[in-house]
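Reader: Could you take me through the side-chain contacts here, starting with the rings and then moving on to the charges?

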Amino acid sequence: MKVTKENLSDIREDYEKAHRYIDEESKNDPPTEPFRSHYTARDLLNSALRKVKTLSEALDQESEVATTVRCIHANILKDIGKITIFVEEPRGEVLLKEALELVEKDSGKEPTINVHIEILNQLGIMACNLSNFAESKQYLDQAKDIYCETKELDRQPLTMADLFGTKEEVEKGKGLKLLESNHTLTLYYLAQVFGFLDNLADSARYCHMTLRRQLEYNEFEHVDWALNAATLSQFYFPKNHLSQARHLLAASTFMLNRYETEVVEKITNPAERAEKEETLRYRMADVGRCWAKYGLHILCASKERLSADDEPNEHGEIAAPLTPVKKMDRFVGLDLAAYEGQVTDEFCLTFDDAKLVMLNSLSWLNKAKEYYTKETEASQYAKILQDIASLYKHLAFFEEDDGNQCKLFKRGADQLEEIVEILNATYYQTICREAWYELGLTYSNMLNVKLSQLDEMQAKDRPTPHALNKINHLSEKSIRNFKKFIESYKIELDTLELPETIDADEMQPILYAFFHIGRLYYRIITPDKRLKLQNTENSLFYYSRFVECCQDERMRPLFAQELGVCKEMISLLPLKVEKLKNEMAEG
């Protein structure tokens, strides 16, 4: 039997009508019937399926025409399978595997190439959604191999429209364009699967390949592309691939600006335009926060780099200083110099270097606060305040002037104080805990600066009451915040007994809080012997509990240095307590 255009016209009409329902009519489906258009489309495809089966039965199965009809058959089955999965009904996988079986009979032939890859992509997506990641990767690898073989052998894949027409009616280049689009999807899904398999390096590599191809073939949605690029930067900068991370963030910002000029500004409907402008503000705030994280990493890594021990190890070797990785893959055709020039891709050596990075990050976070306000997005607003506090803390490391260093610590503390002031600790316990702990550390750091100044003052003159009050005030503020942190774990302050439910990750900061409070009570300066005795006993109590809790084998290796200090203190402090009691008795 010869297949003519007339034989296929009914099948084509059902097929194209079904896709109009999927692509266009479904946008207008009411909330009460969200799948109405998809059900109609599936009925039309089932009608086409019956017709194509009847046609296929009359053909010589080894003929070229039979191959074309099998490919049409497989495409229809694939689409019915996709709809079945979309409307959350069973048998989707069965239909896809039936379609796969059909195309495998003609594997490698030009009419099968695109539908074969599309079926494998769908099976890969489905397996991934069911957490069968190894199986998903197998399907996607097969799809990738078909693409590579097609390119290597210079085969000419076809579209569904080509299958319905004659050889003379094949639309030149459309099949190859569809092949590239399908391969981009394969790479995109492989990026996800590698991520789920904890192969983050390959996940990042495939994600970058996907972004590059989307640009190359102009197949992207501005906002999604920008978010994916910004998210990918978060993989690179912790590994000190600073140039690559900055390039991705620059590309992300560039794309959002293009979204504004190419999409938002061309919309005339006021309601639709307002919606798009809101999306732009939202996503620009998110990308800005990613820029801030990049700057924070540079400051933090620079601090670690400058603090690193440059003494030879036991083998007489000195560790090479941390250096940023310069290797990178650039996106072709994007002019990003203005965006990349705003911040360095090197580590900081001086206060001036660090200040430029800090101010850039601070600028992004202040813009983000315009979207994430405390009235509308309290938890996100609080996280932005945490990042701002961290910027001030890291910059303080580079500041050599004691007074200015204290001012930077104070600005950081102000951000954290705002967090605990605006958030209800019952509902935002984790963020409040982090803020209390960080406040305890910040006031302790300010105390260290003031104590250093006091030592210098005492060498020349008698310290002023104001200086002494400042030291006591900082000690008390630090103690108060560390105690709030401890109490948030339902730990009684009069016993400091740890609940059995606390895991090792939580125990470490709690024990650090014990250690700091022990030290802080000892630092309070007072001429009142009764208060001095009380502070010394408190110091002994916290140091003792710290040492007792460090008997836990999980904790001991983490506190080797502190443990030595505490053991020495709990041997000395009882003597001081006794001495104070005697002095009070004699007085």
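Author: Ring pairs link Y512, F515, Y543, F546 and F559 into a cluster; rings of Phe, Tyr and Trp (its six-membered ring) pair if their centres lie within 6.5 Å, with planes under 30 degrees apart called stacked, over 60 edge-to-face and the rest tilted. This is a predicted model, in which local features need pLDDT of at least 70 and side-chain atom pairs count only at pLDDT 80 or more, while totals for chains, interfaces and linings use all residues. Residues are numbered from 1 along each chain as its sequence is written, and side-chain values use heavy atoms, with hydrogens and water left out.

Reader: OK, and how many aromatic pairs does the structure hold?

Author: There are 26 aromatic pairs. One of them joins Y282 and Y371, which are stacked at 5.3 Å centre to centre with 20° between the planes. Because Y282 belongs to helix α12 (residues 270-307) and Y371 to helix α14 (residues 351-371), this pair ties together parts that are 89 residues apart in sequence; helices here are DSSP runs (H or I, at least four residues), numbered from the N terminus.

Reader: Is Y371 buried or exposed?

Author: Y371 is buried at 17% relative accessibility, whereas Y282 is partly exposed at 30%; buried means under 20% relative accessible area, exposed over 50%, and partly exposed in between (1.4 Å probe, protein chains only).

Reader: And what sits over the ring of Y282?

Author: The charged end of R283 does, 4.0 Å from the ring centre; the criterion is NZ of Lys or CZ of Arg within 6 Å of the ring centre and within 35 degrees of the ring normal. Likewise, R433 places its charged end over the ring of Y489, at 3.6 Å from the centre.

Reader: Switching to salt bridges, how many does a search of the whole structure find?

Author: The search finds 33 salt bridges, each defined as a side-chain nitrogen of Lys or Arg within 4 Å of a carboxyl oxygen of Asp or Glu. R70 and D106 form one of these, at 2.8 Å from N to O. Since R70 lies in helix α3 (residues 64-86) and D106 in the loop between α4 (92-104) and α5 (113-129), the bridge ties together parts that are 36 residues apart in sequence. R70 is buried at 8% relative accessible area, and D106 is buried at 2%.

Reader: Which residues are linked in a network of salt bridges?

Author: R246, K326, D345 and E346 are linked in such a network.

Note on methods:
Helix = DSSP H or I, 4+ residues; strand = E, 2+ residues; numbered from the N terminus.
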